[in-house]
Amino acid sequence: VAENIFIMDVNGGGIQQLTSGTNRKIRPRWSPKQDRVAYAEFTSGNSAKIFIMPSGGGASIQVTAPDQNHSDTLGHDFFDNGTKIIFARSRLVQGGSQLYYKNADGSGSSLLVPNTLPYAYYPVVSHDGSLLAYRVKGPNLAPGTPEWILVHKVGTWQKIAEFPLQPPVPGLGSSIRGISFSRGDDLLYVGARAADVAGGGDNRLEIFSIKLDGTGQERLTENTAPDSYPSAVPAP
């Protein structure tokens, strides 16, 4: 099934198609200056690579090159003033995922992000470029443990916080679907399944906000349609 990237005005007008072709292209992310868009494209079966293109349209460049046993589809974001990109590379056979980074122009090798845990998904960098947040399955990766969110300093990659979401999020299974820093970088928005929503499965996905130390969790949506992959614009 073809799936392409579009941009539009916040009022729903001015729709412009950026990509074309029959491959699936997902998870668009703006660069810090909004002059480029990064996205993942499925180029072979379940394997996806990350591409970057001008936000006004034009030629794409391939940034990552996973082999046939890996895929770069579980989240990515720009950092270092847009010169680098951080991404989650998953193992298609064994399962699991780890965070890597690479030059955003496609040059150089993909390097493992220090001090981050395996089974990491949905990496997102704060609008000021100083913090990284991502999701892991359990603090010690033990079976049956809840998902946690970790926050690191960008550059030193030192961990500064880790916390699970609080009820009504079930805390078990693959619940979290996307993370975003708030406009002022003082909160995280998280898409996650809520235990008290009828319908089960992804119909339980709602949007929550939570402080960077894991306190002050608030539920922002409540409906039986999936609410996921939140994204906030930076402060002016």
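**Close-up views of a predicted model**

View 1. Residues are numbered from 1 along each chain as its sequence is written, and side-chain values use heavy atoms, with hydrogens and water left out. Within the pairing of β3 and β4, Ile26 has Ala40 of β4 as its bridge partner, and the hairpin of these strands has five residues between them, with Gln34 taking a positive phi near 60°.

**View 2. A salt bridge joins Arg29 and Asp77.** The side chains of these two residues meet at 3.1 Å, N to O, a salt bridge being a side-chain nitrogen of Lys or Arg within 4 Å of a carboxyl oxygen of Asp or Glu. The pair links distant parts of the chain, since Arg29 lies in strand β3 (residues 25–30) and Asp77 in strand β8 (residues 76–79), 48 residues apart. Asp77 counts as buried at 5% relative accessibility, on a scale where buried means under 20% relative accessible area, exposed over 50% and partly exposed in between (1.4 Å probe, protein chains only). The structure holds ten salt bridges.

**View 3. Strand β14 pairs with β13 and with β15.** Six of the seven residues of strand β14 (residues 147–153) are buried, so this strand is largely enclosed by the rest of the structure. Strand β13 (residues 131–137) pairs with β14 in the antiparallel sense over seven bridges, and Tyr134 has Leu150 in β14 as its bridge partner. Five bridges join β14 to strand β15 (residues 159–164), which runs antiparallel to β14, and here Leu150 has Glu162 in β15 as its bridge partner. The hairpin of β14 and β15 has five residues between the strands, and Gly155 takes a positive phi near 100° in this hairpin. Glu162 also forms a salt bridge with Lys159, the closest N and O atoms being 3.1 Å apart; Glu162 is partly exposed at 33% relative accessibility, and Lys159 is partly exposed at 43%.

**View 4. Ile179 belongs to the residues with the most contacts inside the largest nonpolar core.** This core has 37 residues, and those with the most contacts inside it are Ile149, Leu165, Ile176, Ile179, Leu188 and Val190; a nonpolar core is a set of buried Ala, Val, Leu, Ile, Met, Phe, Trp, Tyr and Cys residues joined through side-chain atoms within 4.5 Å. A second, separate core of eight residues includes Ile50, Phe78, Ile85 and Phe87.

**View 5. Strands β16 to β19 form an open antiparallel sheet.** The four strands are arranged in the order β16-β17-β18-β19, and the edge strands, β16 (179–181) and β19 (218–219), each pair on one side only. Three bridges join β16 to strand β17 (residues 187–193) in an antiparallel arrangement, with Ser180 standing opposite Tyr189 in β17. Arg193 forms a salt bridge with Asp202, the closest N and O atoms being 2.8 Å apart, and Arg177, Arg193 and Asp202 are linked in a network of salt bridges. In the segment after β19 lies Ser228, which, leaving aside its neighbours within four places in sequence, is in contact with Arg177, Gly191, Leu205 and Ile207.

Note on methods. This is a predicted model: local features need pLDDT of at least 70, side-chain atom pairs count only at pLDDT 80 or more; totals for chains, interfaces and linings use all residues. Helices (H or I, at least four residues) and strands (E, at least two) are DSSP runs, numbered from the N terminus. Two strands pair if DSSP finds at least two bridges between them. Contact means heavy atoms within 4.5 Å.
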